[in-house]
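Biologist: I would like to go through this structure with you and ask what lies behind the terms. Please show it first.

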Amino acid sequence: MPNALYYGDNLDVLRQHIRDESVDLIYLDPPFNSNANYNVLFKAPGGERSQAQIEAFEDTWHWNDVAERAFDGVMAGGNSNAADMLRAMRSFLGENDMMAYLAMMAVRLLQLHRVLKKTGSLYLHCDPTASHYLKILLDAVFVGGQAMSEIVWKRTFAHGSAKRYAPVHDVIHFYSKNGDHTWRDLKIGHQDVYVEKHFRNFDEARGEKFQAISLTGAGIRRGESGSPWRNVDPTKSNRHWALPGGILQKEGIEEGSTLNKLEALDKAGRIFWPKIEDGTPRLKWFVSDLDGTRLNDVWTDIPPISAHAKERLGYPTQKPVALLERILSASSNEGDVVLDPFCGCGTTVHAAQKLNRQWIGIDITHLAISLIEKRLKDAFPGTAFEVHGTPKDLGGARDLALRDKYQFQWWAVSLVDAVPFAGKKKGADGGIDGLIYFKPDGKTTE
């Protein structure tokens, strides 16, 4: 299955091609915004838009037969919680554009939950327009799992706004299937302003900034941790010696008594002696000792893609590779399978390939798939992957014919309910592409 690109409706692809509990991590950035131009992703070489894309997005935003079928799919989907929730939303919202979008998303979230492994996670990226509704749907779909985090990502710089606060953030909902999910405790480096504020001293011998931190802990203890060292008695201040294990290990000081370890720290240039008389010695904590800080749920350190950025592909809603690298690094391991059912210009696929994950990308338009193919070939020459799917319009049919004449042949044969000649076996066929069998009464056989 991996690594593979599918073009077609992701609901059909999920149902027909993705096995139960076969995916470790799902990231999706489903298209929705009050401004329809937000999701005009590509134009064909002649300047026209992909008809498949237009139809897909129109179905997303308007209540019609497609939205009704999506709603019915959830009602019959076997998840009573999701069905009850979507029914309540329809009662509250009515049959409008938002409700059509939520029905489309709900039926797909059920399939995404199905293909996700028990140790898997899902990240749903959206803007505040629909994030609250999507969270309610996720709560219903992931009953028995957990809502892990609601991440706020500062996606752009400040905008002017006449009557409200400037909208500059997106929301990323992070869910695990059952709470026993893959998790790698990522840390990020401290910002320069933090270093400048806290590391004001400079060690000439090391050529490095440091801050002087305490070598003692509260309370008096008996034994060596309460003994005087270099004429400094910590008990006079109701304290005791408390040596940081990480620094001792880093300096190779693992044996000996507390007082011997203090001597070894001083010999290693780790002790800061205050200039005041009888000052308590402190530990030199260097900038190089920082191992970063744990990520929180507000991300302001990954900037949006600038107009002149090297990775920019001209895709209006393109996300930075760094954003996807963070998500994949936190919630998957090398070799894991990553799925993006709305893969657009392929940032998730790019990040997965870069981080040695397996991947599956799905998009409704051949134009997106073609862009991802070029992106992968440029960034990772020689990388192997497969492209599957059926065209949704004339442009897609032409693209498939140029890409793979056999897949085009089999797709064309399927349009007239014919059987591919020799069971899709490649090779000479004597000009026979497919066969249609007729019954004596003139009707075609099944």
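Modeller: Accessible areas here come from the Shrake-Rupley method with a 1.4 Å probe. By that method the accessible surface of the chain comes to about 23,400 Å², and 49% of it belongs to carbon and sulfur atoms. Note that this is a predicted model.

Biologist: What share of the chain counts as buried, and what makes a residue buried?

Modeller: Of the 446 residues, 45% count as buried. The cut-off is a relative accessible area under 20%.

Biologist: Why is S121 called buried?

Modeller: S121 has 0% relative accessibility. Buried means under 20%, so S121 counts as buried. The residue is found in strand 3, residues 116-126.

Biologist: Which residues is S121 in contact with, leaving aside its neighbours within four places in sequence?

Modeller: Contact requires heavy atoms within 4.5 Å. Among the residues in contact with S121 are D24, L25, I26, F174, Y175, H181 and S331.

Biologist: How do you know that the buried residues of helix 3 are on the same side?

Modeller: In helix 3, residues 65-75, the buried residues are A67, A70, F71 and V74. They cover an arc of only 100° around the axis, so they lie on the same side of helix 3. An α-helix has 3.6 residues a turn, so residues three or four places apart point the same way.

Biologist: What does the face turned away from that buried side carry, and what covers the buried residues?

Modeller: The face turned away carries the exposed residues D65 and R69. The cover over the buried residues includes helix 4 (80-93) and helix 5 (97-115).

Biologist: Which residues touch the most other members of the largest nonpolar core?

Modeller: They are L86 and L102, in a core of 53 residues. Helix 5 gives the most to this core, with 14 residues. Leaving aside neighbours within four places in sequence, L102 is in contact with L86, M89, L93, Y133, L134 and L137. Another core, of 32 residues, lies apart from it, with L323, L328, A351 and L376 among its members.

Biologist: What makes strand 4 and strand 14 a pair?

Modeller: Two strands pair if DSSP finds at least two bridges between them. Strand 4 (residues 146-154) and strand 14 (residues 298-299) have 2 bridges, in the parallel sense, so they count as paired. V152 has V298 in strand 14 as its bridge partner.

Biologist: In which sense do strand 4 and strand 5 pair, and over how many bridges?

Modeller: Strand 4 and strand 5 (residues 169-176) pair in the antiparallel sense over 8 bridges. W153 stands opposite D170 in strand 5.

Biologist: Why are strand 7 and strand 11 called edge strands?

Modeller: The open sheet has 4 strands in the order 7-8-12-11, with antiparallel pairing. Strand 7 (201-203) and strand 11 (271-272) are its edge strands: each pairs on one side only. Within the sheet, 5 bridges join strand 8 (residues 208-214) to strand 12 (residues 282-286). I213 has L283 in strand 12 as its bridge partner.

Methods
Residues are numbered from 1 along each chain as its sequence is written. This is a predicted model: local features need pLDDT of at least 70, side-chain atom pairs count only at pLDDT 80 or more; totals for chains, interfaces and linings use all residues. Side-chain values use heavy atoms; hydrogens and water are left out. Buried means under 20% relative accessible area, exposed over 50%, partly exposed in between (1.4 Å probe, protein chains only). The arc is that of the directions from the helix axis to the C-beta atoms. A nonpolar core is a set of buried Ala, Val, Leu, Ile, Met, Phe, Trp, Tyr and Cys residues joined through side-chain atoms within 4.5 Å.
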